[in-house]
Amino acid sequence: MATTFNDIQMTEFKRLVARYPEGKQKSALLPALHLAQESFGGWLSTEALDYVASLLQIEPIEVYEVATFYSMYNLKPVGKFVFEVCQTGPCMISGSDNIIDYIKKTLDIKPGETTKDGMFTLKLVECLGACGYAPMMQVGKIYKEHLTKEKVDSIIAEYRAQATNN
Amino acid sequence: MGVKLLLDKANVPGIRTYEVYRREGGYRSVEKALKQMTTDEIVEEVKKSGLRGRGGAGFPTGMKWSFIAKPEGVPRHLVCNADESEPGTFKDRYLMEFLPHLLIEGLIVSSFALGSNDTYIYIRGEYAWITNILEQAIEEAKAAGFLGKNILGTGFDCNIHVQRGGGAYICGEETALIESLEGKRGNPRIKPPFPAIQGLWMRPTVVNNVETLAAVVPIINMGGEEYAKIGVGKSTGTKLISACGNINKPGVYEIDMTITVEEFIYSDEYCGGIKDGKKLKACIPGGSSVPILPANLLLTTAKGEPRYMNYESLSDGGFATGSMLGSGGFIVLDEDQCIVKNTYTLARFYRHESCGQCSPCREGTGWMEKILQKIETGKGEMSDIDLLWDIQRKIEGNTICPLGDAASWPVAAAIRHFRDEFEWHVKNPELSQTSNFGLQHYADPIHVPA
Ligand SMILES: Cc1cc2nc3c(=O)[nH]c(=O)nc-3n(C[C@H](O)[C@H](O)[C@H](O)COP(=O)(O)O)c2cc1C
Ligand code: SF4
Ligand code: FES
């Protein structure tokens, strides 16, 4: 996977930086890391972090300390689709435990692991602001809400189909 | 049906687009404020309205605005707090997703009042699709002449930028949010200086919640005095409540703050009662940080008066017998829920979200999580309950930011009101793994729907 932005990604990067005053380009760091993660296969390697540092003209350490602080940045490779299931109070009292157990069993992985075919990663996360639509999980930029076992089955099938069609 | 000032148009087809929003009367407050009012007059209207910050702390918005420093030649900024990460809270998401132009309209008026030419919306990173909705709305408003240079020919320039966070509850705290906007870790700053003096890039900054800024629209349209007539006492206007947990109709409701908690839970207009005909056990009425209340103290105050859905009534009795309206995240637990387990998941949340700067918070949240897990899995001892109580007391008030308090209060309230359930867990290590304590300990009658 390349660790430089293509033309489209570079245009987006420039748009992000332009939102801040002269000399305050470091403010674009969080959005730039999101862009890098999306562009470079869903995770941020050290090369990717260094690349973002060079683009923003800041020290690599300034990027590392941010990338390790926030939960959305993956610093290790992940599967093609990451199931981030919420396990906080409101989801728990609405049955998230059963959903988590079911995903573990169906994909035969534990939280933090990726399926052998590299397709799915399971992550347990804290409240995603969807408490009224629980149980729920985030997959990429999408929220999957009101989860049931049947719904989990069809979501897995949907992503498998998506992977074969691409 | 109560008064609706924010969500009244939420169901109009196409309201997300500029065209429909404008046809329904949108952006009138921008015309009024920018063309007919001075900035001081706008601040005055907001003061008169009695509007209190909707992000959780309830600080009077007009007063906050009047604190902003105006040093010569230094730009000022308005920042909209759309980090919404307090468990139980999902109201700002609803407002932004379905009425993006209402927020943009409120932001333009507020930016004008505060003199912010570059205004930022800091949105939690997970709300990626809402970022797109907001950016679309901003483009439409710009095309219509409500944003950009020389708005409506008044000479006022304003741009709104949306920045996604990276996943961190602490970035909802306003100084952590500012740090994050500057591209840093979300470590809260020591105050003073307050953001109104030195905030974003050390410039005077006001941080307000999404719902607060949206409420500026009806305030300008109807006038502060009229707005203040809705509600009761210092709880003026309307409030968005996001209701979740074991109820029939989870969702986001706009209430005027004169209804009782009982009506909110049991009426079909709102939560529609407890799911599956079960009984109400407990409720966290204002987001995970506020004290949990058992059913009896939730529905009536310690004095036996009905409790209302507003700032004063929910906090009646202090922490001994009351709670808080907080962010409006209303979490309902039925008779089958385990208080120990619920408290454990919240303790885990706060440990995960502590930024780690202060030892009482960093260490204390970790200990509380471990001890609660121990009790929850049937390995607890009686002394653990007292230890928990001790730890939470040592965190509260001894930290840089209020996350320490926010982590302590849920644990304290759970022990205060449900100590016998914790003790039952300790005494019944095996039974507690397969069954729940239920409602056994209630001396007072539990509300059962007719
Ligand atoms: C740990 C913590 C998390 C917070 N999270 C949020 C949040 O997600 N959204 C919000 O508007 N305010 C949040 N706040 C409150 C903000 O610090 C600040 O008071 C608020 O944005 C001010 O806006 P308001 O006066 O309009 O409510 C949080 C505070 C703390 C201590
Ligand atoms: S109280 Fe906790 S979250 Fe707040 S600054 Fe201290 S360590 Fe960080
Ligand atoms: S608790 Fe799961 S989305 Fe809020």
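Which ligand takes up the space of the largest cavity? That space belongs to ligand 2; a cavity here is a set of points, on a 1 Å grid over the protein atoms alone, where a 1.4 Å probe fits but cannot get out, and a molecule sits in one if more than half of its atoms lie within 2 Å of its grid points. The model is predicted, with local features needing pLDDT of at least 70 and side-chain atom pairs pLDDT 80 or more, while totals for chains, interfaces and linings use all residues. Residues are numbered from 1 along each chain as its sequence is written, chains are lettered from A and ligands numbered from 1 in written order, and side-chain values use heavy atoms, with hydrogens and water left out.

Around ligand 2 there are 13 residues, and B:Cys355, B:Cys358, B:Cys361, B:Thr399 and B:Cys401 come nearest (near means a heavy atom within 4 Å). Sorted by type, this shell holds eight nonpolar residues, five polar and no charged; Cys counts as nonpolar in this scheme, and Gly as polar.

Ligand 1 has 18 residues around it, with B:Gly55, B:Asn81, B:Asn208, B:Asn209 and B:Thr212 closest. A polar backbone atom of B:Gly55 comes to 2.7 Å from a ligand 1 oxygen. B:Asn81 puts a polar side-chain atom 2.9 Å from an oxygen of ligand 1, and B:Asn208 has a polar side-chain atom 2.9 Å from a ligand 1 oxygen too.

Turning to the two chains, 55 residues of chain B touch 40 residues of chain A (contact is heavy atoms within 4.5 Å). Together they bury about 3,800 Å², 55% of it from carbon and sulfur atoms; this is accessible area (1.4 Å probe) lost on putting the parts together, summed over both. Six salt bridges cross the interface (a side-chain nitrogen of Lys or Arg within 4 Å of a carboxyl oxygen of Asp or Glu). One of them pairs B:Arg348 with A:Glu126, closest N and O atoms 2.9 Å apart.

Methods: On a 1 Å grid over the protein atoms alone, a cavity is a set of points where a 1.4 Å probe fits but cannot get out, and a pocket is an open set with protein on both sides within 12 Å along at least five of seven lines; lining residues have an atom within 4 Å of a point. Buried area is the accessible area (1.4 Å probe) that two parts lose on being put together, summed over both. A polar contact is a pair of N or O atoms within 3.5 Å; within protein, one must be able to donate a hydrogen and the other to accept it, and residues adjacent in sequence count only if both atoms are side-chain atoms.
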